[in-house]
Amino acid sequence: MALIVGIAGSVRKGSYNAALLRAIASLAPEGCGVEIASIAGIPLYDGDLEASHGIPAAAAALKDRIAAADGLLLVTPEYNNSLPGVFKNAIDWLTRPSLEIPRVFGGRAVALAGATPGPGGTRLSQTAWLPVLRVLGTRPYFGRSLFVSNAAKVFDADGRLVDAGIEDQARKFIAGFATFVAG
């Protein structure tokens, strides 16, 4: 079975991106599992903290989960037309020490998706992630895109996906990514 680790790039309790990740995980095709991971508990990167205490436990555990997976799904918010700082910070910790980058990211299949309350659907954030994915040596998925706009209308108050069109897009997105991961 192909294993994909999915991470929502927000720590907000009512995050639309966490809701989207849960929906995608539930729509994964047979033979593909999506494990949901979190960036909660990862502190702001500080080289002094790294030197004195090493890699924080939350970051070390997440690195190991990604390294053991076949693929990585980043479900990203969009802040100020770019990637969110809290998510980038978590990825920065996952690259420490730099000798670990090949183990965690090298050649790993990575897909991007995202949801936003606005009309842009995280297109700019997903594009801003591409140079980061390139420098980490990942294998980005450029098949189906998943840009969810007007998220307040797509998810109910409990974070359940209620838009049939977006559900169909998400199902096709994860099926395409699963095929890419297996290939």
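This is a predicted model: local features need pLDDT of at least 70, side-chain atom pairs count only at pLDDT 80 or more; totals for chains, interfaces and linings use all residues.
Residues are numbered from 1 along each chain as its sequence is written. Local features need pLDDT of at least 70 and side-chain atom pairs count only at pLDDT 80 or more, while totals for chains, interfaces and linings use all residues, and side-chain values use heavy atoms, leaving out hydrogens and water.

We can begin with the rings. Rings of Phe, Tyr and Trp (its six-membered ring) pair if their centres lie within 6.5 Å; planes under 30 degrees apart count as stacked, over 60 as edge-to-face and the rest as tilted. Seven aromatic pairs are counted by this rule. One of them joins Phe87 and Trp129 edge-to-face, with 5.1 Å centre to centre and 70 degrees between the planes. Phe87 belongs to helix H4 (residues 85-94) and Trp129 to helix H6 (residues 123-135), so this pair ties together parts that are 42 residues apart in sequence. Helices (H or I, at least four residues) and strands (E, at least two) are DSSP runs, numbered from the N terminus. Phe87 and Trp129 are both buried, where buried means under 20% relative accessible area, exposed over 50% and partly exposed in between (1.4 Å probe, protein chains only).

Tyr141 and Phe177 make a tilted pair, at 5.5 Å centre to centre and 50 degrees between the planes. Tyr141 sits in the loop between strand S5 (139-140) and strand S6 (147-148), and Phe177 in helix H8 (residues 164-182), 36 residues apart. Both Tyr141 and Phe177 are buried. Together with Phe173 and Phe180, they form one aromatic cluster.

Helix H6 comes next. Its buried residues include Gln126, Trp129 and Leu133. The buried residues of H6 pack against strand S3 (71-75), H4, strand S4 (109-115) and S6, with contact meaning heavy atoms within 4.5 Å. After H6 comes Gly137, which has a positive phi near 75 degrees.

How is S3 placed in the structure? Five of its five residues are buried, so S3 is largely enclosed by the rest of the structure. In a regular strand the side chains alternate between the two faces of the sheet. Two strands pair if DSSP finds at least two bridges between them. S3 runs parallel to strand S1 (residues 2-8), joined by five bridges, and Ile7 stands opposite Leu74. S3 also pairs with S4 in the parallel sense over five bridges, and here Leu74 stands opposite Leu112.
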